[in-house]
Amino acid sequence: MALPKSSMIFFLVMAMFGVCYGAVYKVGDSEGWRYKGFDYQAWRLNKHFSVGDSLLFVYKGKDSVVQVDRKHYEYCNTTDPIKETYSGNDTIVLDKPGHYFFITGYKRHCDKGQRLDIRVELPTSPSLAPSPSHKSDAPSIQSSAAISALLMAMVVIILSSITA
Ligand SMILES: *[C@@H]1O[C@H](CO)[C@@H](O)[C@H](O)[C@H]1NC(C)=O
Ligand SMILES: *[C@@H]1O[C@H](CO)[C@@H](O)[C@H](O)[C@H]1NC(C)=O
C-alpha cells in the first residue's frame, strides 16, 4: 500500500471534520466589513457559531480586523490585540469555544459600530440546535450532520477493512 495506515486515517478524519465543521460566515454578508450603516450586532443575532467555523472579513482600503478582549472591545482600544489582520479578505478560524470580540483598527469607526462580538460553542447535536432561519444563508445544520453520519459510517467500514 502506498500510503501508511496512519496517514489514511488522518485524511479520513480531516474529511469528516471538513463536513461536520467549517461553516464560513461572511461578516456583514454582501456589505462586508465597513464603517457605518451596518448593524453587526443584528447580523449575528440568529447565527449559531461552532468551533471549527470561520469568519470571513472582506473590506477595501486600509482597514483591519483586530481581535481583542472584552474590555478593549468596550473602549474600541486596539492596544494589546489578541490577533490582527489586514489583508482585506481575512479568514478567522473559530478554533475554541468562548466569547470573541472583533473591532476595526480605526477607533472612530469602531465607535460608530464597526465591531462584532460572538459566542462560539462546541458543536451540538442537530436536534438540540435551534432551527436555522430559512431566509438566512447559514449552512444547513441538518444536512451536514446527516452527511457526517454517513461519512462516519464509511470511516468505520474502511478502518475495519484496513485492519482486517
Ligand atoms: C488601552 O488599553 C491599554 C492596555 O492594553 C491601556 O493601557 C490604555 O490605557 C487603554 N487606553 C484607553 C484609551 O482606554
Ligand atoms: C477570500 O478568501 C476566501 C477564503 O479564503 C476565498 O475563497 C476567496 O476566493 C478570497 N477572495 C478574494 C477576492 O481573494
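1. Ground rules. It's a predicted model, with residues numbered from 1 along each chain, chains lettered from A and ligands numbered from 1 in the order written. Local features need pLDDT of at least 70 and side-chain atom pairs 80 or more, while totals for chains, interfaces and linings use all residues; side-chain values use heavy atoms, with hydrogens and water left out.

2. The disulfide. Searching the whole structure turns up one disulfide (a pair of cysteine sulfur atoms within 2.5 Å). The partners are C76 and C110, with S to S at 2.0 Å. The S-S torsion comes out at about -75°, so this disulfide is left-handed.

3. Where it sits. C76 is in the loop between α3 (70-74) and β5 (83-85), and C110 belongs to helix α4 (residues 107-111), so the pair links distant parts of the chain, 34 residues apart (helices are DSSP runs of H or I, at least four residues; strands are runs of E, at least two). C76 is buried at 3% relative accessibility, and C110 is buried too, at 0% (buried means under 20% relative accessible area, with a 1.4 Å probe and protein chains only).

4. Ligand 1. Its surroundings are H72, N77, T79 and D80 (a heavy atom within 4 Å). That shell has no nonpolar, three polar and one charged residue (Asp, Glu, Lys and Arg count as charged).

5. Contacts. For N77, a polar side-chain atom is 2.4 Å from a ligand oxygen. The protein buries 40% of the 360 Å² that ligand 1 exposes when taken alone (Shrake-Rupley areas, 1.4 Å probe).

Terms used
Buried means under 20% relative accessible area, exposed over 50%, partly exposed in between (1.4 Å probe, protein chains only). A polar contact is a pair of N or O atoms within 3.5 Å; within protein, one must be able to donate a hydrogen and the other to accept it, and residues adjacent in sequence count only if both atoms are side-chain atoms.
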